[in-house]
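Subject: Structure for you to look at

Hello,

Here is the structure I promised to pass on. Please open it, keep it beside this email, and follow along as you read.

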Amino acid sequence: MDPLTVLYIVLASCSCFMIWKFFDRKKDQECYILDYQCYRPTDDRKLSTEFCGRVIKRTENLGLSEYKFLLKAIVSSGIGEQTYAPRNVFSGREASPTLADGVSEMEEFFHDSIAKLLARSGISPSEIDILVVNISMFASLPSLSSRIINHYKMREDIKVYNLTGMGCSASLISLDIIKNIFKTQKNKYALLVTSESLSPNWYSGNDKSMVLANCLFRSGGCAILLTNKRSLKHKVMLKLKCLVRTHHGAREEAYNCCIQKEDDQGRLGFHLGKTLPKAATRAFVDNLRVISPKILPMRELLRFMVASLIKKLNVKGSSPKSSSGVTKSPLNFKTGVDHFCLHTGGKAVIDGIGMSLDLSEYDLEPARMTLHRFGNTSASSLWYVLGYMEAKKRLKKGDTVFMISFGAGFKCNSCLWEVMRDVGSRNVWDDCIDDYPPESLANPFMEKYSWINDLTVEDLPNVQIPDFLK
């Protein structure tokens, strides 16, 4: 055989081998979800309308103006009567928490959800290679991740990441850490633990921008088991397709709109500023600008380019707006996304994203029902929304799920999942999924407390307090 021909054959074979090696290596870099377990606290931690009223009544620093503000905030929040609070609230110590309150709240979640997840998946704690824990507003010594390792007797060479201060978008930040580790290490198991500790974070003052957090946040958490083992591909639930993180911390307006600080009287709380909607919109738009080409089909991107070119040539106005003034995206995200898993930051957040992406009530139902049943559970809220979709048997093999979260900083993070098999477990929703969606999401607060709106300061000394507030 001609030497030159042999050389060509060798070079071609080497090239084919390198190409095969490249694609084969990528199969070990995938990020899969094997299973997840959302936390459902015990029924003795449920917040009824009457009990919420008593908590507000015993907060000494609130006046008539704050009562009216809270009534409006709670009624418009989209939160129902089945949500959960930490135990120190029920013992009347929310304004004077102890370290033990925060630790016990987290350990109750750790011991329940992680144990259930590992038992169901048949994986021993000693098999976990990577542990990522994100609890934004509570830190202890030893760390919360160390408490998990101690309780479950995990290996001494486990890689551990303990995140704080990441806010409601912390789940996807933790996921990004795991995804990047999976790119360099084969055949690994990772455990992602996400929650928020409310026990030490009750605000006892009367600053309306900080009282609002007391109304919105509820107890919850989720443990997620991930792997990059190709041998388990037939067992996994979801495969991560892409993830994009946007951080506007360099912008003062965005940085200060969502921040933990002390009020004028030195009371610590979580401030939600009036510029928050604007900051969230800017971060959301910038995030969509990056992730859109990664998740939408070429035909939709081409349609958008042509429409944009025609618009520039015609020199017409800005993007179309809804009746509420929210700018709609010119892209049709439903061409590349089957299900939308939205952060349950509040009714206004869900409505805003829905109008921006032109989503239907069917698309928004999982987020709305999660907000109603579990409230805003911070970074873990996305997984309750996913659980609703699963319990309703919406997720079919080949479907895509778009997750969107927001957090202090200000951050907007998003990712796209591919459903790897039909999933339909009843999970954390098993006690109530057949009751959702209810006929009405109306909050009973207005019915029971509407008389507050008719009061004046002069009326307060003579007001007859209802029995359920005493």
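First, a definition: helices (H or I, at least four residues) and strands (E, at least two) are DSSP runs, numbered from the N terminus. By that count, the chain has 15 helices and 11 strands.

Two notes on the source. This is a predicted model, where local features need pLDDT of at least 70, side-chain atom pairs count only at pLDDT 80 or more, and totals for chains, interfaces and linings use all residues. Residues are numbered from 1 along each chain as its sequence is written, and side-chain values use heavy atoms, with hydrogens and water left out.

**The whole chain**

The chain has 470 residues, and 51% of them count as buried. Buried means under 20% relative accessible area, exposed means over 50%, and partly exposed is in between (1.4 Å probe, protein chains only). The chain exposes about 22000 Å², with 56% of it supplied by carbon and sulfur atoms. Those areas come from the Shrake-Rupley method with a 1.4 Å probe; for residues, only the protein chains shown count as cover. Now the contacts, meaning heavy atoms within 4.5 Å. Take those in the chain with a separation of 6 or more: residues 24 or more positions apart account for 80% of them.

**Two helices side by side**

Two packed helices are described by the angle between their axes and the distance between the axes. Look at helix 12 (residues 347–356) and helix 13. They pack at an angle of about 175°, and their axes are 10 Å apart. Axes are lines fitted to C-alpha atoms, for helices over the stretch in contact, and angles run from 0 to 180 degrees between N-to-C directions. Helix 12 and helix 13 are therefore roughly antiparallel. The cut-offs: under 35 degrees is roughly parallel, over 145 roughly antiparallel, 65 to 115 roughly perpendicular, and the rest oblique.

Which residues make the contact? Helix 12 gives Lys347, Ile350, Asp351 and Gly354, and helix 13 gives Leu364, Ala367, Arg368 and Leu371. They divide into four nonpolar, one polar and three charged. Here Ala, Val, Leu, Ile, Met, Phe, Trp, Tyr, Cys and Pro count as nonpolar, Asp, Glu, Lys and Arg as charged, and the others, Gly among them, as polar.

**A hairpin**

Strand 7 (residues 258–262) and strand 8 (residues 268–272) run antiparallel, joined by five bridges. Two strands pair if DSSP finds at least two bridges between them. Lys261 stands opposite Gly269 in strand 8. Five residues lie between the strands of this hairpin, and Gly266 takes a positive phi near 85°.

**Details in the loops**

There are cis peptide bonds to find. One joins Leu141 and Pro142, with omega about 0°. Pro142 sits in the loop between strand 2 (130–135) and helix 6 (144–152). Another joins Gly409 and Phe410, with omega about 5°.

Ser378 has a phi of about 65°. Is Ser378 buried or exposed? It is buried, at 3% relative accessibility. Lys393 has a positive phi of about 60°, and it is partly exposed at 47%.

Finally, find Pro86, in the loop between helix 3 (64–75) and helix 4 (87–90). Pro86 is buried, with a relative accessible area of 4%. Pro86 and Ser197 are 111 residues apart in sequence but 8.2 Å apart in space, C-alpha to C-alpha.

Best wishes
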